[in-house]
Amino acid sequence: MPHIRFTVHADCDSQEPCRIVPALRGEIFEFEGESDNEIRIGQIDAYLVLRGRALNEQESLFEAMDSIDSSVFECYEALFDPETDDWNQSVQDLYKDQIMGLDVLFIESIQLKANYRGKGIGAQVVRETIATFGTHCGLITCKPCPLQYSNWEDEEHIEMRQQPGIEEKRREEKRRDSLILPGLPDSGPTWVLLG
């Protein structure tokens, strides 16, 4: 049975915009056989986008999410209107004013050691992360993409992209990773909104 130890990064004295988007890291452990020895088998990384806090503290959500890294900013672009920091039109059209909360749980990545993949552990970890941190969020979002295909169009992947059958393998792995939770589509937009 896997278990997770979460760390939330929050700087008490910070006035930087990034304080609005605290980072979550969950280290994933499993017990070795029947023993009490636990081994680290992976990690999950996420962010809590505290839109309500941004409004209360009159902080720009755009600046907060832009100050962290490109994946967090891509999340901003996928969900928010840069003029207002409100949900963008595609999110509003998709959810038709049914989003009950202001905040967002953005699951950035989950990594498991190779011999622990394909056993349902990733799905358990994602569900527990959502149950722990997503209860009061209006949306939960992730970008399903196997990590080995991150920045797929970059020069460093040219040789890999030329391998026979690699594109089919990449699509299948993306589809499989998209199905980590029941109900996620296996095709469609890169960004998947859960919730």
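**View 1. Two charged side chains sit over aromatic rings.** In this predicted model, the charged end of R5 is placed over the F29 ring, 4.4 Å from the ring centre. Take a look at K119 as well: K119 lies over the face of Y116, at 5.6 Å from the ring centre.

**View 2. Ring pairs join five aromatic residues into a cluster.** The members are F62, F73, Y76, F80 and W87, linked by ring pairs. The structure as a whole holds 7 aromatic pairs. One of them is F73 with Y76, which counts as stacked because the ring centres are 6.0 Å apart and the planes meet at 15°. F73 and Y76 are 3 residues apart in helix α3, so about one helical turn separates them. Both are buried: F73 has a relative accessible area of 18%, and Y76 has 2%. The F80 and W87 rings are stacked too, with centres 5.1 Å apart and planes at 15°. F80 and W87 are both buried.

**View 3. The largest nonpolar core has 40 residues.** V21, L61, M65, F80, L105, I107 and L139 touch the most other members of this core. Elements that each supply at least two of its residues include β2 (23-31), α3 (70-79), β4 (103-112) and α5 (121-133). The largest share, 6 residues, comes from β3. Zoom in on V21 and, leaving aside residues up to four places away in sequence, you will find contacts with Y47, L48, V49, A64, M65, I68 and V72.

**View 4. C137 and C142 are both buried.** C137 counts as buried because its relative accessibility is 14%, and C142 is buried at 12%. The disulfide count for the structure comes to 0.

Conventions. Residues numbered from 1 in each chain as written. Predicted model: local features only at pLDDT ≥ 70, side-chain atom pairs only at ≥ 80, totals over all residues. Heavy atoms only, no water. Core = buried A, V, L, I, M, F, W, Y, C linked by side-chain atoms within 4.5 Å. Buried < 20%, exposed > 50% of the residue type's maximum accessible area, 1.4 Å probe, protein only. Helix = DSSP H or I, 4+ residues; strand = E, 2+ residues; numbered from the N terminus. Contact = heavy atoms within 4.5 Å. Disulfide = S-S within 2.5 Å. Phe/Tyr/Trp six-rings, centres within 6.5 Å; stacked < 30°, edge-to-face > 60°. Lys NZ or Arg CZ within 6 Å of the ring centre and 35° of its normal.
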